Amino acid sequence: MKKLLAFFMALFLCAGLAACGNKDSTPAASKKEPIKIVVTNFPEYDFVRQITGDKAKITMLLKPGAEAHSFEPSPKDIQEISNSDLFVYVGGDSDEWVDGILDSMDKKPGKTFRLMDAVPLYEEEHVEGMAEEDHDHDEHAHRHEDHEEHAHKEHAHEHEHEHGDEPEMDEHVWTSPKNAIQIMEKLNAAIAEIDPANKDLYQKNAEAYIAKLQQLDKDFRDVIDHSQRKEIIVGDRFPFLYFVKEYGLSYYAAFPGCSTDTETNPATVAFLIDKVKTDNIPVVFHIELSNEQMSRSIAEATGAKNALLNAVHNVSDEDFKKGVTYVDLMRHNVEALKEALN
């Protein structure tokens, strides 16, 4: 009897161990860690989350509410980049730290994606009335004027192969919804290459958001094509070059898109005040997270309205927590332009 009892206990124990073994092994085979994607700013963050949904852990280095052009990565940020499956950045002045960091890393991210490689680029403009830039930039502009044809050819070659002349190209490529569509398509392809198991889901998600971007583009065209004027004035930095080129708008602004000096400039304020009065401009714009000093001064002197035109560099902490999207912010611009152009 004792031998029989021992036999059944051994049999029960073996069965239990086998069951436990099977219970542990099944999830282990099916479990997969979310892919890790690190991005530098909000447009990239939104594009990536629209594609991946809950299939990726996304880290945005630029904190909500922070100024994009003065960002410097912390040691923790560098570690996040190193451990990522995909690192997405813009390129240009605000990301000038990236190349040095990537070159110095022992362990590099699995893949990198640079927004300025996804679309055709425009050279940063310095229009009439705009505050003078820093000495280095002025010196560069002078050299560019002296050797315009040669520099243009040289830049095209270097951009294709080495990106040697990035600082003179405008980096705010996402401000055109048409560009946003191209970025989404290429970003989706890059993510699917990293995680082919979810390729179909990513494609479906990307197509759904691209449809929203296409509608956004149509709405901008409807507003601008039927407007009374085709000119905007921005009493702030001007990160909208790709936007105005896409929709055929002219503009005057206080500073170039990546200017580091945004102190109130009396000569620029006087010029823009005169422009608002002469051209009967009803709205003077500022960009998000701005101190609004210049746009407010111009508005007060002319009776124009001081209003926000979103460049979507970044969002407030409140909006970030609410889940505000690129499309949400650009839809605000559709309504803002209805008033500014009529």
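**Entry 1: Lys322 and Glu318**

I looked up Lys322 and Glu318, which lie 4 residues apart in helix H12 (residues 317-322) and are therefore separated by about one helical turn. Helices here are DSSP runs of H or I with at least four residues, strands are runs of E with at least two, and both are numbered from the N terminus. The model is predicted, so I note that local features need pLDDT of at least 70 and side-chain atom pairs count only at pLDDT 80 or more, while totals for chains, interfaces and linings use all residues. Residues are numbered from 1 along each chain as its sequence is written, and side-chain values use heavy atoms, with hydrogens and water left out.

The side chains of Lys322 and Glu318 form a salt bridge, at 3.3 Å from N to O. I take a salt bridge to be a side-chain nitrogen of Lys or Arg within 4 Å of a carboxyl oxygen of Asp or Glu. Both Lys322 and Glu318 are exposed. The classes are buried (under 20% relative accessible area), exposed (over 50%) and partly exposed in between, with a 1.4 Å probe and protein chains only.

**Entry 2: other salt bridges**

I searched the whole structure and found 16 salt bridges. Glu67 and Arg237 meet in one of them, at 3.4 Å from N to O. This pair links distant parts of the chain, 170 residues apart: Glu67 is in the loop between S2 and helix H3 (75-82), and Arg237 is in strand S5 (residues 231-238). Arg237 is buried, because its relative accessible area is 10%, whereas Glu67, at 34%, counts as partly exposed.

I then turned to Glu292 and Arg296, whose closest N and O atoms are 3.7 Å apart in a salt bridge. Glu292 is partly exposed at 22% relative accessibility, and Arg296 is partly exposed at 36%.

**Entry 3: the open sheet**

I traced an open sheet of 4 strands in the order S2-S1-S3-S4, with parallel pairing. Strands pair if DSSP finds at least two bridges between them. Strand S2 (56-60) and strand S4 (112-114) are at the edges with a single partner strand each, so one side of each has no neighbour in the sheet. From one strand to the next, the twist averages 20°. Angles run from 0 to 180 degrees between N-to-C directions, and axes are lines fitted to C-alpha atoms, for helices over the stretch in contact.

Strands S1 (residues 35-39) and S3 (residues 86-89) run parallel and are joined by 3 bridges. I identified Phe87 in S3 as the bridge partner of Val38. Helix H2 (residues 42-52) packs on the sheet and touches S1, S2 and S3; its direction makes about 175° with that of S2.

**Entry 4: nonpolar cores**

I found that the largest nonpolar core has 71 residues, and that Ile232, Phe243, Phe285, Tyr326 and Leu337 have the most contacts inside it. Such a core is a set of buried Ala, Val, Leu, Ile, Met, Phe, Trp, Tyr and Cys residues joined through side-chain atoms within 4.5 Å. Helix H8 (residues 199-225) gives the most to this core, with 9 residues.

Contact means heavy atoms within 4.5 Å. Leaving aside neighbours within four places in sequence, I listed the contacts of Phe285, which include Ile232, Ser295, Leu309 and Leu337.

**Entry 5: Asp219**

Asp219 is found in helix H8 and is buried, with a relative accessible area of 17%. Beyond its neighbours within four places in sequence, Asp219 is in contact with Arg331 and Val334.
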